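Please look through the sequence and the model below before reading on.

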Amino acid sequence: GDAGKGEKIFKNLCAVCHSMNAHGTGPLLKGAFNSMPGQKEGFGYSATLKGLDKKWNEQTLDKYLKAPAEYAPGNAMAFAGIPNAKDRGDVVAYLKANA
């Protein structure tokens, strides 16, 4: 993916709830790539995300961003997902660049 394009998509779709600087409605995402879901200090994650046992990587993030409710049923993120695979790859590249 293209991290520059991913940043633009992130700002349009994700930044309503997420930031690279601090927790908001959604958790801080700086450093999320290659980390375990639901583990950042200072945010109240759903039991579903806390219970996921695979690190966020290209594959897990792609599946989650495609359909969050399908990948992690019962998670609290009210977002339908990013249907376009290229857009998801770009967002994943952006998250990886901010690991």
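Against which elements do the buried residues of α5 pack? This is a predicted model, and in it the buried residues of α5 pack against α1 and α3.

## The helix α5

Helix α5 has 13 residues, and from its first C-alpha to its last it reaches 18 Å, which is close to the 18 Å expected at 1.5 Å a residue. Its buried residues are Arg 88, Asp 90, Val 91, Val 92, Ala 93, Tyr 94 and Leu 95, a list that includes the charged residues Arg 88 and Asp 90.

## The largest nonpolar core

In soluble globular proteins, nonpolar side chains tend to be buried together. The largest nonpolar core of this model has 20 residues, and among these Phe 10, Leu 49 and Leu 95 touch the most other members. Two or more residues of this core are given by each of α1 (3-14), α3 (58-66) and α5 (85-97), with the largest share, four residues, coming from α5.

Leu 95, one of the buried residues of α5, also shows which parts of the chain meet here: leaving aside residues up to four places away in sequence, Leu 95 touches Phe 10, Met 20, Leu 29, Phe 33 and Leu 61.

## The largest pocket

Rolling a probe the size of a water molecule over the atoms shows where empty space is left. The largest pocket found in this model has a volume of about 640 Å³, and its lining is made of 34 residues, of which His 18, Pro 27, Leu 29, Tyr 64 and Met 77 lie nearest its centre. Leu 29, named here as part of the lining, is also one of the residues that Leu 95 touches.

## Two single residues

Is Lys 11 buried or exposed? Lys 11 lies in helix α1, and because its relative accessibility is 54%, where exposed means over 50%, it counts as exposed. The C-alpha atoms of Lys 11 and Val 91 are separated by 9.9 Å, although these residues are 80 residues apart along the chain.

Ser 46 lies in the loop between α1 and α2 (47-51), and with a relative accessible area of 15%, where buried means under 20%, Ser 46 is buried. Not counting residues up to four places away in sequence, Ser 46 touches Gly 74, Asn 75 and Ala 76.

Notes:
Residues numbered from 1 in each chain as written. Predicted model: local features only at pLDDT ≥ 70, side-chain atom pairs only at ≥ 80, totals over all residues. Heavy atoms only, no water. Core = buried A, V, L, I, M, F, W, Y, C linked by side-chain atoms within 4.5 Å. Buried < 20%, exposed > 50% of the residue type's maximum accessible area, 1.4 Å probe, protein only. Contact = heavy atoms within 4.5 Å. 1 Å grid on protein atoms, 1.4 Å probe; cavity = no way out; pocket = protein on both sides within 12 Å on 5 of 7 lines; lining within 4 Å. Points joined across faces, edges and corners; volume = space filled by probe spheres on them. Expected span 1.5 Å × (residues − 1).
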